[in-house]
Amino acid sequence: MMAAQPIENYGIIGNMRSAALVSMEGSIDYFCFPNFDSPTVFANLLHGDKGGMFCIQAELSNRRTKQLYLPETNILLTRLLSDFGVAEITDFMPILAGKKGEIYAHQIIRTVSVIKGEVEFKLRCEPRFNYARSGHSAHLEESRVHFEPDCPTCPKMALHATVPLNLEGGDAIAVFTLKAGETATFTFGESAPEVKILDPEVIENHFNQTARYWREWIARSNYSGRWREMVNRSALVLKLLCSQEYGSLIAAPTFGVPERIGGERNWDYRYTWLRDSAFSLYAFMRLGFTEEARAFTLWLRDRLHDDAEHGPLQVMYRINGDQELEEEILENFQGYENSRPVRIGNAASEQLQLDIYGELMDAIYLSNKYGDAISHDDWAGVRRILDWLSKNWDRPDEGIWEVRGGRRKFLHSRLMCWVAFDRAIRMGRKRSLPGPLAEWLQIRDAITEDIFTNYWDDSQKAFVQYEGSNCLDASVLLMPLMRFISPVDPRWLSTMDAIERTLTEDSLVYRYDTRENSVDGLRGDEGSFTACSFWFIESLARSHQVEKARLLFDKMLGYANHLGLYSEELGSSGQHLGNFPQAFTHLALISAATYLDRVLSGKNGSTWH
């Protein structure tokens, strides 16, 4: 039985409804089904060898492995190399032509091929339903094994195979040998006896249509600048994390992967943050993916008419817009490298995070500027939200980092409240929309004065994390990116210098100093926050420190895993930490790459905003 690998040793496959992680050793150690936020079926990544997995192991001496994506696709190849034979596992989740936006054949397809020699394989499929809390029965029927969970809300699953299968308890196993030129195919998905998925023509059709889908999609990108391969991979990752059905985007497909090994900073990211959705719209529009931007806009606009406990908007939602994300601890899970507690759900959904109003308004502003004009009813929703914000912008909140150490008056929250009013004013003037523009202008300017008066520490020559503190916070790096301050303003340049002195190690940037700052209410430290590194790089480029920005950007590319994927954070030795792959990180990479490329090409940076 294969042990779970470090998180950076995985690739991701998916179909914009759910996703699975495949290790370099050929084991699927993480899979939620049928949706991104459904209970796990495979979770050895988080629960030792008891969480469920689907491994195919080649019996090859002195085996080496390599993993790659077929170019411009999310089809994953794992190569098993030895002097005694060479084999290849192809993993993908099919996306087939049909009605617009509709996905068929909701399953994982695994094809094993031998390129050289004769290779014996051992297969083990161990589903563990409902976060390994529910048992199941299994029965063998011709070329498939049916798994029936004891959980009434869990779907029945089936493993189909072109080689003979056997049962070992409730698990499917197989031992088979292939010679050069021979293949074996396996599919795992919802039980559907009438589906003849193992027909070779059907498998080939699934593969070809899926490859065509991804290649035609990425071909729509208008980006042709430097680092194109990394930018395209980031875009392909983001597309994988989109819901084809709802148009929303999850923060990451995983939960419980720690921000520090052995620590308690272990969260569930399988949901849609307003913040991430807003930034993703920006990234997609930068690359020319107008259809995705439009779908996000529709999802975001639906939130304008929702109400949450702490204001008109909630911090995060389920992919379908539901607001219920009750947090609980999986007491039965050991945790990734014994990092506990393992949480599902997210209590941060009940927090007050005022910055989300700025990110939402910035997204609506960009959509309105470069897409369709806002409707009368949606503008009424904007006015309703800003009416609430005008009375609440000065409240203490939990902020962008979702602290659990009590509310404070965070600078970043003030900054994004400024953005909310600024973008509404711009939209109102540009589109001649009705609204209290004079009142909004007064509030926007009051926020400006508040930031420069109450958040500037003259002793450090820097803007601080929250009112009354002397701590620095890397979220301040968004100030010039949001057009709040000139990137060459002396106050901004000295703030960047202070961040570089206190929060930066070469190209790695920490959110804040967890050793000196107990603002988050959690024990222990964490890794550097990779999105902050890309924000720092873009801020350098905007302040005309282009060569330095380019050097740090190239260094950051070296921290991607073997497939070009990033988790949320990086440890001191470069290991990946936090949930994976992380949308926020790839969004920040796209933003930094596109801006830096424009500057290096002699253009005047971004034309956005």
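Let's start with Arg 226, which counts as partly exposed because its relative accessibility is 27%. Keep in mind that this is a predicted model. The side chain of Arg 226 meets that of Asp 597 in a salt bridge, with 2.8 Å from N to O. Arg 226 sits in the loop between α2 (200-218) and α3 (228-240) while Asp 597 belongs to helix α14, so the pair ties together parts that are 371 residues apart in sequence. Asp 597 has a relative accessible area of 9%, and under 20% counts as buried.

## Around helix α14

Now for the helix that holds Asp 597. Most of α14 is covered, with 16 of its 18 residues buried.

Both sides of this helix have something to look at. After α14 comes Gly 602, which has a positive phi near 85 degrees.

## Helix α8 and what comes next

Helix α8 (residues 411-431) has 21 residues and reaches 30 Å from its first C-alpha to its last, close to the 30 Å expected at 1.5 Å a residue. It's mostly covered too: 17 of the 21 residues in α8 are buried.

Just after α8 you run into Ser 432, with a positive phi of about 55 degrees, and this residue is not a glycine. Ser 432 lies in the loop between α8 and α9 (437-454). With 65% relative accessibility, Ser 432 counts as exposed.

Glu 538 and Arg 286 are both buried.

Lys 548 and Glu 500 form another salt bridge, where the closest N and O atoms are 2.7 Å apart. Lys 548 is in helix α13 (residues 546-557) and Glu 500 in helix α11 (residues 490-503), so parts 48 residues apart in sequence are tied together. Here Lys 548 is partly exposed at 30% relative accessibility, and Glu 500 is partly exposed at 27%. There's also a network: salt bridges with shared partners join Asp 362, Asp 422, Arg 423, Arg 426, Arg 444 and Asp 445.

## A patch of charge, and some backbone details

On the surface, Glu 309, Asp 322, Glu 324, Glu 326 and Glu 350 gather in a patch of negative charge. Glu 326 has its place in the loop between β17 (316-317) and β18 (328-329). With a relative accessible area of 59%, Glu 326 is exposed.

Two more spots are worth a click. The peptide bond from Arg 340 to Pro 341 is cis, with omega near 5 degrees, and Pro 341 is in the loop between β18 and β19 (343-344). Asn 62 isn't a glycine, yet its phi is positive at about 50 degrees. You'll find Asn 62 in the loop between β5 (53-58) and β6 (64-69), where its 66% relative accessibility makes it exposed.

Methods. Residues are numbered from 1 along each chain as its sequence is written. This is a predicted model: local features need pLDDT of at least 70, side-chain atom pairs count only at pLDDT 80 or more; totals for chains, interfaces and linings use all residues. Side-chain values use heavy atoms; hydrogens and water are left out. Buried means under 20% relative accessible area, exposed over 50%, partly exposed in between (1.4 Å probe, protein chains only). Helices (H or I, at least four residues) and strands (E, at least two) are DSSP runs, numbered from the N terminus. Patches are made of residues with over 30% relative accessible area and no salt bridge: like charges are joined within 9 Å, nonpolar side chains (Val, Leu, Ile, Met, Phe, Trp, Tyr) within 5 Å. Accessible areas come from the Shrake-Rupley method with a 1.4 Å probe; for residues, only the protein chains shown count as cover. A salt bridge is a side-chain nitrogen of Lys or Arg within 4 Å of a carboxyl oxygen of Asp or Glu. Lys and Arg count as positive and Asp and Glu as negative; His and the chain ends are not counted. The place of a charge is taken as NZ of Lys, CZ of Arg, CG of Asp or CD of Glu. The expected span of a helix is 1.5 Å times one less than its number of residues.
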